[in-house]
Amino acid sequence: MMKFGVVVFPGSNCDYDTFHVLQNVMGQETVFLWHKDHDLQGVDCVVLPGGFSYGDYLRSGAIARFSPIMREIKKFADSGGLILGICNGFQILLEAGLLPGAMLRNKNLKFLCQQVNIRIENNRTAFSGAGKKGQVLRIPIAHFDGNYYAPPELLSELEKNNQIVFRYCDRKGQLTEEANVNGSVNSIAGLINRQGNVLGMMPHPERASENILGSEDGKVIFRSLIDYLEKKKGTGKKKTVRAVRPAVSPLPPLIGTF
Amino acid sequence: MKVRILVSLKESVLDPQGQTVRNALHTLGYHQVKDVRQGKVFELELEGLNRQDAEKIIPEISDRVLANPIIEKFSWEIMEA
């Protein structure tokens, strides 16, 4: 079993969903990491969840990067630790300089809350290894600032290094302007750093990990991480994706003051 | 000392908010408005700094926090010494 840490900032609102999926759907040990903490509690993977950290003041994710926990997360990233940023978590990773580029307001200036299709562009990462290249995942988005931007030189570097892991596409996996709902350059929905241990994505895999919610496609991302970590740790007990679902245990209460 | 810092998107970055404002102005008949760029204004009150130090610290603050240098540029002026 792997240990996941879900970071809680003031204004995070997908923290419990993410915790629930990791613990109760994927059956992994999961802890909350408070934004004021200085200790990552020995987790194998840090997840920065979605939400509106610090009210999205200044720019989305801009204030969260000054939280004490971010210092530890930077160190963790530098030492090769796995970090997944979802939605606001992605925005925070960009603002913190752990991923390159920046987010602009969606091209239609609207908050977008809808199902989208994303295509796996690179399945040779710790975050996408359980999927196939070209596979289309149906996962929802919910954001105002998801219009990914990278200056031309950076963009060609990202393409050249295969750092684009997910792109918005239509149901058939075609890249169209219509499917690129927020206007991101080159339809980028998720990208990884050069070292391959930090990934940010705007769609919410934790909202698409149970059939009752309309899609289980998001599990590909969590399954990939678990498989990768198990392989790395040499535990060798690789379970199939259809693992027996553990009994739902209650989620811990949050302790601490903002 | 009062300082005003103006942050706006770089020319190379599309500004859909500015375009929307321009379109609204055109709807009202102000066709003379060729382009609109939207930005943010920060008013800072600084203390214990002489002008020379302030001129050093203001771009630093703007670059590190107030603007995201990947997409934004900034300019500033000292309002009152």
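**Note on the predicted two-chain model**

1. In chain B, strand β1 (residues 2-9) and β3(B) pair in the antiparallel sense over eight bridges, where pairing requires that DSSP finds at least two bridges between the strands, and where strands (E, at least two residues) and helices (H or I, at least four) are DSSP runs numbered from the N terminus. Within this pairing, B:Val7 has B:Phe74 of β3(B) as its bridge partner. This is a predicted model, in which local features need pLDDT of at least 70 and side-chain atom pairs count only at pLDDT 80 or more, while totals for chains, interfaces and linings use all residues. Side-chain values use heavy atoms, without hydrogens and water, residues are numbered from 1 along each chain as its sequence is written, and chains are lettered from A and ligands numbered from 1 in the order in which they are written.

2. The sheet to which these strands belong is open and antiparallel, with three strands of chain B in the order β2-β1-β3; β2 (39-45) and β3 (72-80) are its edge strands, each pairing on one side only. Helix α2 (residues 51-66) of chain B lies across β1, β2 and β3 of chain B and runs at about 150 degrees to β3(B), the angle being taken, on a scale from 0 to 180 degrees, between N-to-C directions of lines fitted to C-alpha atoms, for helices over the stretch in contact (heavy atoms within 4.5 Å).

3. The largest nonpolar core has 74 residues, of which A:Val46, A:Ile73, A:Leu84, A:Tyr148 and A:Phe166 touch the most other members; such a core is a set of buried Ala, Val, Leu, Ile, Met, Phe, Trp, Tyr and Cys residues joined through side-chain atoms within 4.5 Å. Its largest share, six residues, comes from helix α5 (residues 219-233) of chain A. Apart from this core lies another, of 12 residues, including B:Ile5 and B:Ala67.

4. No disulfide (cysteine sulfur atoms within 2.5 Å) is found in the search of the whole structure, the count over all chains being zero. The sulfur of A:Cys14 is 6.7 Å from the closest cysteine sulfur, that of A:Cys87, and this is too far for a bond. A:Cys14 is buried at 1% relative accessibility, with buried meaning under 20% relative accessible area, exposed over 50% and partly exposed in between (1.4 Å probe, protein chains only).

5. Among the five aromatic pairs over all chains, A:Tyr16 and A:Phe32 are tilted, because their ring centres lie 4.9 Å apart with the planes at 50 degrees. Rings of Phe, Tyr and Trp (its six-membered ring) pair with centres within 6.5 Å, and planes under 30 degrees apart count as stacked, over 60 as edge-to-face and the rest as tilted.
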